Amino acid sequence: MAEHTPDYPPRTPPPPKRPLSPPRPETGLQGARARMQVRNRRSANWSLEAAPWSARKATGHVLDRLHEWGYREADQAAADLTDLLVRTAVADGGRRVSVHLADQDRQALIVALSHQPGPAVTDDAVLPELTALGAVACGTDTADDGRRLWAILPL
């Protein structure tokens, strides 16, 4: 007996409308740091070229904003802390630095970010200097986007 062949083509599924994409990789905070967020308080920030004059310019910005907010008692300490934070961030060798300022409960948070790609060298020698200049708390951390240095100053 001869095998019967159909007179119509076999039914095949239609091709996918778009190619299948590979599964997404696991995303976590491993090796990354969380973005800095300042909420529910007054804040200001400035982005500056990483140059020798940046510390002086950042100090002027910080003092002007503190004066706008009604703080004038800690001018010298705020100026000294800002100067050291920014000079340290500039020394990391990036193209720019950013300075962030926030206040809460008569304290100011001053942060300098170096924006130097690749992990910066961890240098904790700056922390005792910040404390000697009047910071009640300070810290530093590094990530792929550079180093973050911060200090809290009582106002």
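This short talk walks through one predicted protein model, from its overall layout to its helices and salt bridges.

Before the details, a word on conventions: this is a predicted model, in which local features need pLDDT of at least 70 and side-chain atom pairs count only at pLDDT 80 or more, while totals for chains, interfaces and linings use all residues. Residues are numbered from 1 along each chain as its sequence is written, and side-chain values use heavy atoms, with hydrogens and water left out.

Let me begin with the overall layout. The protein chain holds 3 helices and 5 strands, where helices (H or I, at least four residues) and strands (E, at least two) are DSSP runs numbered from the N terminus. Read from the N terminus, the order of these elements is β-α-α-β-β-α-β-β. Of the 155 residues in the chain, 35% are buried; throughout, buried stands for under 20% relative accessible area, exposed for over 50%, and partly exposed for anything in between, with a 1.4 Å probe and protein chains only. The accessible surface is about 10,700 Å², and carbon and sulfur atoms account for 52% of that surface; the areas come from the Shrake-Rupley method with a 1.4 Å probe, and for residues only the protein chains shown count as cover. If we take contacts, meaning heavy atoms within 4.5 Å, between residues at least 6 apart in sequence, 66% of them join residues at least 24 apart.

Now to the helices, starting with α1. This helix has 15 residues and reaches 21 Å from its first C-alpha to its last, close to the 21 Å expected at 1.5 Å a residue, the expected span being 1.5 Å times one less than the number of residues. Which residues of α1 are buried? They are Ser54, Ala55, Ala58, Thr59, Val62, Leu63 and Leu66. These residues lie on the same side of α1 because they cover an arc of only 160° around the axis, the arc being that of the directions from the helix axis to the C-beta atoms. As a general point, an α-helix has 3.6 residues a turn, so residues three or four places apart point the same way. On the face turned away from the buried side of α1 sit the exposed residues Arg56 and Glu68, whereas the cover over the buried residues includes β1 (43-49), α2, β2 and β3. Just after α1 comes Gly70, with a positive phi of about 90°.

In the loop between α2 and β2 we find Arg95, which counts as exposed because its relative accessibility is 78%. Leaving aside residues up to four places away in sequence, Arg95 touches Glu49 and Ala50. The C-alpha atoms of Arg95 and Ser114 are 8.3 Å apart, although the two residues are separated by 19 residues along the chain.

Finally, the salt bridges. The count comes to 6, a salt bridge being a side-chain nitrogen of Lys or Arg within 4 Å of a carboxyl oxygen of Asp or Glu. I will describe some of them.

In one, Glu73 pairs with Arg106, with 3.2 Å between the closest N and O atoms. This pair links distant parts of the chain, since Glu73 is in the loop between α1 (54-68) and α2 (75-91) and Arg106 is in the loop between β2 (96-104) and β3 (107-113), 33 residues apart. Glu73 is exposed at 58% relative accessibility, while Arg106 is partly exposed at 43%.

Another joins Arg87 to Asp83, with the closest N and O atoms 2.8 Å apart; both residues lie in helix α2, 4 residues apart, or about one turn of the helix. Arg87 is partly exposed at 45% relative accessibility, and Asp83 is partly exposed at 26%.

What about Arg147 and Asp92, buried or exposed? Both are buried, and Arg147 has a relative accessible area of 4%. They form a salt bridge whose closest N and O atoms are 2.6 Å apart, and this pair links distant parts of the chain, with Arg147 in strand β5 (residues 146-154) and Asp92 in the loop between α2 and β2, 55 residues apart.
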